[in-house]
Amino acid sequence: MADEEPDLAETLLADFRSGTGGDPATPAPVTWAGPAETLPARLPVTALAAGTVAAAATAAAELAATRTGAAPPAVTVHRAAVATAFTSERHLRLDGESPGSGFAPLSGFWRTRDGWLRTHANYPHHRRRLLTALDIAPELDDETAAPLLRAALAERDADEVAATVTAADGLAVSARTAAQWARHPQGAAVAELPLLALRRLADAPARQLQTPPGDPLRPAAGLRVLDLTRVIAGPVGTRTLALLGADVLRVDSPQLTEIPAQQLDTGFGKRSTLLDLGQPADRARFDALLADADVLVTGYRPGALARYGLAPGDLAERYPGLVVATLSAWSTTGPWAQRRGFDSLVQVASGIAAAEADPAGDRPGALPAQALDHGTGYLLAAAVLRAVAARHAHGGTWHAELSLAQTADWLLAHAAGGAHAAGGADGAGGAHAAGAAPDPAPWLAEADAPIARLRYALPPVRFAGGPVTWAQPPHLLGTDPATWV
């Protein structure tokens, strides 16, 4: 029903408020619209998606109220728009052509002697490490390497292979059920964490913001955001901040490759520059940017940026009043805290893939969207907006912490049958939810960009008087100067 209020989406919104300091004095009203299920799955993916978008939209509306002194504008969450946005990478077209799925041939499920393994080899350095760890020549092409990989894995146990690949800084996880993940030390560590956390790191003077422009109303106007994130989750979060008016500058290392279509899809509203933090001149430029920034968002594994003095505690000492948001795959606690990870791997390790398994066989499945990435991205944007509002009113240096594993834990904990009961004791989940993916056409638009004419998914974050799309198309990777506008 169009006017149905989804209980689980409301639950997620309440959990977001709890994790970011409780209810605001005047919460933004929310209207839920669209079909009850737009991302059909055994797990409550539609509720997760709608709730995370509601968190971002209400945080934006409440920041607008903080800056204007008026009541927060009403929020509308249309679940069809949300479903389209959560699959935005599938809808992207360049001059009418699809750029491809984004998954490389050696990224996927592989049968092992005792079960299933999921690999991630989208990036050249991850592909090289995977093959080298398994004594397969990395210079072989995918067509030649794939059968060698399949044969090697069929003779080994999944956990043993995952440990070997991880030790070589590659990416592979063995498939587990939700019950098995709950018993795993990393799963147990994540289960102790909230959906997300926002805390005051140190005292600092308030940074009050002027009333934002009102046509359209962009609550983040005037904010300067340094974006040190890659892939999907972090870039979705900063793409949302750009929609809301922030000057977002994405910073990448010139030594790392990026998937062009992925960067375009998540690059709307942003600028993009290249800096090597290991080079003195580039580091000096970065420090100058940071000195004038309001927000720093990082998406590298915990500890990866500490050698550059970019740990949250160090930043709080040098840049009072900065809002720091850190995103990771497995969280900052537990034996896997410093491991690399991606949405597809977290789905498999946590039991989501087992819950979504093909009922005709034992092959693990997947969510109908990379919902851990997209959902965590909207939560990241929401947490930043809540931190900015708190800093405006009360001052302080703030730190938001999120992870894909915590988002996965919320999804599994709210599966039918109770906390972490997806698939019962050790099996797959129940019947798929009724419903079908909606027609995306009403939620797609086109724009001219430097590379091509783009078809893209419109943003699902909507509130009265707010923007319906981004102010500018995505820029090509590394084509902007390392300066603020």
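Which residues lie nearest the centre of the largest pocket? They are R230, L256, G299, Y300 and R301, part of a lining of 36 residues.

## About the model

This is a predicted model, where local features need pLDDT of at least 70 and side-chain atom pairs count only at pLDDT 80 or more, while totals for chains, interfaces and linings use all residues. Residues are numbered from 1 along each chain as its sequence is written, and side-chain values use heavy atoms, leaving out hydrogens and water.

## The largest pocket

A pocket here is an open set of points on a 1 Å grid over the protein atoms alone, where a 1.4 Å probe fits and protein lies on both sides within 12 Å along at least five of seven lines; lining residues have an atom within 4 Å of a point. The largest pocket holds about 950 Å³ of space, a volume being the space filled by probe spheres set on the points, which are joined across faces, edges and corners.

Nonpolar covers Ala, Val, Leu, Ile, Met, Phe, Trp, Tyr, Cys and Pro; charged means Asp, Glu, Lys and Arg; the others, Gly among them, are polar.

## The second largest pocket

Next comes a pocket with about 370 Å³ of space. Its lining has 21 residues, and P24, A25, T66, R386 and A389 sit closest to its centre. By class, that lining splits into 13 nonpolar, 5 polar and 3 charged.

## A look at R111

Leaving aside neighbours within four places in sequence, R111 touches W116, L153, A154 and D362 (contact means heavy atoms within 4.5 Å).
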